Amino acid sequence: MEDRLKVEKEVNQGADEIEKFGYKQELQRSLTFWDLLIYGLSLMVPIAPFAIYGYVAQASNGMVSLAYLIGMVGMIFTALSYARMSEAFPIAGSVYSYAQRGINDFIGFLAGWIILLDYIFVPTLIYLVAAAALEGILPGVPTTAWLVLFIGSNTVLNIVGVKVTAKAIKVITYLILIVLAVFVVSGIFAIMNGVNGAEFSFKPLFDSSSFSIEMVMSAVSIAVLSFLGFDAVSTMAEESKGENKVIGKAIIFSLLAVGVLFVVQTWIAALIYPDYQSFSNIDTAFYEIAEIAGGPWLKWITALAIAIAFGVADALVFQAAISRLLFSMARDKKLPSVLAKVHPKYKTPYISTILVAVISLAVATLFSSQMGSLTSIVNFGALTGFILLHISVINYYIRHRKSRDYLNHLFFPIIGLIIIGYVWYSLAALAKLLGIAWIVIGMGYMFYLKWKNNN
């Protein structure tokens with residue numbers, strides 16, 4: 001009885017919070033801190049470096065762990081900014097809502113439009129990575145079949161409700177962590193036994209003979225892809241229970257946890273295979289290392305784990321996050337109002353969820369052989385959104401609220417702004433070109449909305 005009353009109190013507290021901003025509580029509040037923490041881990045995928053290890057290793061001249069460490073530090077300051085804004089505005093919409101209320105309506109729309117570039121294309125990239133991993137196991141099955149299977153099942157789970165999704169994610173995340181533990185243990189034994197000439201060294205973290213800041217930051221601009229997704233936890237603000245600080249806590253703790261896992265697994269991999277220029281296939285570099293560390297069985301297990309982690313767990317929560325962003329923007333009449341429709345039984349934004357599924361399938365089919373271009377697009381959208389987030393924190397707390405907490409509201413956001421800005425500067429020219437084109441389209445759409453409302 002006491003537990004039920006506690007839950008009802010938390011739900012009512014959340015409903016009161018959102019009503020302060022002129023919205024009605026429509027989504028079901030059922031997610032705890034631990035649910036959100038698992039969401040964060042799933043969004044980043046604890047074994048994400050498996051998929052892009054070869055690219056990061058070559059770009060960093062073997063200092064792959066350093067690239068991930070710098071990426072984690074940069075993202076921590078961004079996570080702190082998300083925590084500050086989620087406390088002030090505990091509503092769905094992520095950086096769209098934060099920039100809208102922290103700066104102004106136009107910048108808010110622009111932030112939402114830019115982050116859509118990340119959120120829409122990330123599932124596509126995820127599905128393609130998962131399909132590629134399974135093609136190595138079952139080469140006779142076409143990519144389209146895997147795409148339909150993943151997208152279809154994820155759409156059904158997301159419409160049924162976030163609580164069902166959360167349970168499925170927990171099970172998958174635990175299995176992924178077990179696979180990672182198996183690799184780490186096998187890798188440590190391989191290093192202790194000198195397999196493939198392996199020996200303990202700090203070179204994966206720092207090698208003075210081949211270090212340059214430009215080179216490392218170029219690698220970070222690739223490695224940062226593994227961290228993208230932690231911010232999407234903020235889109236679940238209207239479905240979380242408890243105090244408004246729970247979103248920020250889940251973002252920070254999930255980022256720290258996954259950052260440590262990234263550094264450990266890439267360090268072990270680099271020690272087992274120090275010659276980062278000799279991979280037979282850069283796309284499957286990590287699986288080669290897994291085979292050296294434990295044999296063919298470990299190679300297939302890691303490949304299967306990537307397929308499940310990306311194709312089911314990661315894509316599942318990303319689809320949920322994107323649908324909430326579309327729901328939030330549609331609710332504010334920045335997108336067609338039909339996207340704000342909530343399922344009468346499951347209390348989920350089902351129209352937005354279905355639209356995300358359709359877009360993912362279409363884009364994945366078109367870009368099936370252009371994963372490099374997709375990666376560039378995703379990184380531009382995320383990093384540009386993060387830049388606007390940091391500016392929102394400073395503008396809202398220092399300029400509007402006259403805050404004297406300069407550490408949290410000025411110093412930390414500026415550090416995050418500098419780090420993310422440098423990584424953004426290190427992006428490929430193609431990413432910037434495509435991203436700016438997307439922004440121009442968004443500005444045109446915004447001016448159209450203004451014209452339509454005035455007539």
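## Around Thr302

Thr302 touches Phe50, Val179, Tyr287 and Ala290, leaving aside residues up to four places away in sequence; contact here means heavy atoms within 4.5 Å. This is a predicted model, where local features need pLDDT of at least 70, side-chain atom pairs count only at pLDDT 80 or more, and totals for chains, interfaces and linings use all residues. Residues are numbered from 1 along each chain as its sequence is written, and side-chain values use heavy atoms, with hydrogens and water left out.

You will find Thr302 in helix H12 (residues 296-331); helices are DSSP runs of H or I, at least four residues, numbered from the N terminus. Thr302 counts as buried because its relative accessibility is 0% (buried means under 20% relative accessible area, with a 1.4 Å probe and protein chains only).

## H7 beside H13

Helix H7 (residues 143-160) and helix H13 (residues 350-366) have axes that come within 10 Å and cross at roughly 170°. H7 is therefore roughly antiparallel to H13 (angles over 145 degrees count as such). Axes are lines fitted to C-alpha atoms over the stretch in contact, and angles run from 0 to 180 degrees between N-to-C directions.

Among the residues that meet are Leu147, Val148 and Ile151 in H7, and Tyr350, Thr353 and Ile354 in H13.

## H4 across H9

Now for another pair: helix H4 (residues 64-88) packs with helix H9 (residues 213-223) at an angle of about 70°, their axes 8 Å apart. That makes H4 roughly perpendicular to H9 (65 to 115 degrees).

Here Leu66, Ala67, Tyr68, Ile70 and Gly71 of H4 meet Val216, Met217, Ala219, Val220 and Ala223 of H9.

Terms used: Helix = DSSP H or I, 4+ residues; strand = E, 2+ residues; numbered from the N terminus. Buried < 20%, exposed > 50% of the residue type's maximum accessible area, 1.4 Å probe, protein only. Parallel < 35°, antiparallel > 145°, perpendicular 65-115°, else oblique.
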